[in-house]
Amino acid sequence: MIPARASAVAAGVSMVTAGSMLANLASYALQVVAADLLGPTGYGEFGPLLAAQLVLAVPALAVQTVIARDAVRGRPRASLRRTGRRCAWAVAGVALVAAPLLSLVLDITLPAVVAAVASAPVLVLLAAEQGVLQGGSRFRELGLVLGAAGVGKVAPAVIALALGASAGPALLASAAGSAAVVALARVVADRRADVAVGAAVGRVRDVLAASQVQLVIVLLTSVDLLLARRVLDADQAGIYALGAVAAKGAFWLPQAVGVVLYPRMADPRSSTAAVRSALAVLAGIGTVVVVGAAVAAPLVTVVLGPEYAAAAPLLWIFAAQGALLSMVQCALVASVARGDTRPAALAWLVVVAQAVVILLVADSTTSLVVVAVCGAAVATVVTTAVAALPRGVFGSTEGVSR
């Protein structure tokens, strides 16, 4: 990689990281404020509704990756946005159909659930604008939009909570704030003229194919935590949940690397080199994070108390799990960039196998995290091996996901 390109990548990573960190800090602040103002009972509704929003955000992530890929290939901006609108309508329909079921399963009133899922189509529209910016390698603007999205989502909800609103109205205010950011993102994207040179060929089925990729990534990062309460007692599950925070941190910390290199992954001329570069950088960052977790482990008892002492010696293993899964995510997102999402089938097999092994073998915090990190290692080997192959080796890469 020549110095000028390396400098551009570093600048892009810095801007996207800053925007993502602001958004993550805002989301954390929202949960703290909600827990404080709503109390245990009110937060008992707010927390599950936020989790439901996370699941409904999967199509939004898929929309961004598909639109960014098509933008790299020269698809007109108007056509990209048309795909975004179609997906937003589809997600709105699914959310409305799912709302009564969620209300029943979560034991939360239907109006509150509807207020929570109202953000789903809005997030899809926002993702479409972010995809336009990402595909155009406009990372400064993308970082600004990411930060604005975090503030726009959180600030109205915090204000509503401060005024005495319950979970439902607060989340509806959050959706309204996100809608305002969509308008802002569109203005930012349109500040540069469209330079499309390709045909308008995007399809909603491309987003469906990318959605299953994003879904398997979500499951890979959460299947152990979802099953923890089933195989561990309450105290051990609490310790595991704390360790999982380290895994999530190691997973999310280097996300900007894949975001910035994604346009090169989608370009047939640079795809293989970009994927290999991204994986190498992620491996380096992951190594540093694991060592840092091992060094910082004694601070767990200092900060959180002696009741969490059992998590300290396992912290580096949790960090290793997150670091490995960040490489899996890069490999799978690269499959979307290349237009061939079939390698995700390998990750689905790992998810199923890991869930079975957890239920059969895991009976302690240590055994559960060992199973989880082994699953992450297997997923890393099989997905990165395919991703690092020259473009086209794993079957045809054009039109497979269509």
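**Cavity lining, an aromatic pair and a helix contact**

The lining of the second largest cavity comprises six nonpolar, three polar and two charged residues (nonpolar: Ala, Val, Leu, Ile, Met, Phe, Trp, Tyr, Cys and Pro; charged: Asp, Glu, Lys and Arg; polar: the others, Gly among them). The model is predicted, with local features requiring pLDDT of at least 70 and side-chain atom pairs pLDDT 80 or more, while totals for chains, interfaces and linings use all residues. Residues are numbered from 1 along each chain as its sequence is written, and side-chain values use heavy atoms, without hydrogens and water.

Two cavities of 30 Å³ or more were counted (a cavity is a set of points on a 1 Å grid over the protein atoms alone where a 1.4 Å probe fits but cannot get out; lining residues have an atom within 4 Å of a point). Helices α9 (223-231), α10 (234-252) and α14 (315-338) each supply at least two lining residues (helices are DSSP runs of H or I, at least four residues).

The structure holds two aromatic pairs (ring centres within 6.5 Å). Y240 and F318 form an edge-to-face pair, 4.9 Å centre to centre with 70° between the planes (edge-to-face: over 60 degrees). Y240 lies in α10 and F318 in α14, so the pair ties together parts 78 residues apart in sequence.

The axes of α4 (residues 110-117) and α5 (residues 119-135) come within 5 Å and cross at roughly 0° (axes are lines fitted to C-alpha atoms over the stretch in contact; angles run from 0 to 180 degrees between N-to-C directions). The two helices, α4 and α5, are therefore roughly parallel (under 35 degrees). A115, A116 and V117 in α4 meet S119, A120 and P121 in α5 (contact: heavy atoms within 4.5 Å). Five of these residues are nonpolar, one is polar and none is charged.

Terms used:
Angles under 35 degrees count as roughly parallel, over 145 as roughly antiparallel, 65 to 115 as roughly perpendicular and the rest as oblique. On a 1 Å grid over the protein atoms alone, a cavity is a set of points where a 1.4 Å probe fits but cannot get out, and a pocket is an open set with protein on both sides within 12 Å along at least five of seven lines; lining residues have an atom within 4 Å of a point. Grid points are joined across faces, edges and corners, and a volume is the space filled by probe spheres set on the points. Rings of Phe, Tyr and Trp (its six-membered ring) pair if their centres lie within 6.5 Å; planes under 30 degrees apart count as stacked, over 60 as edge-to-face and the rest as tilted.
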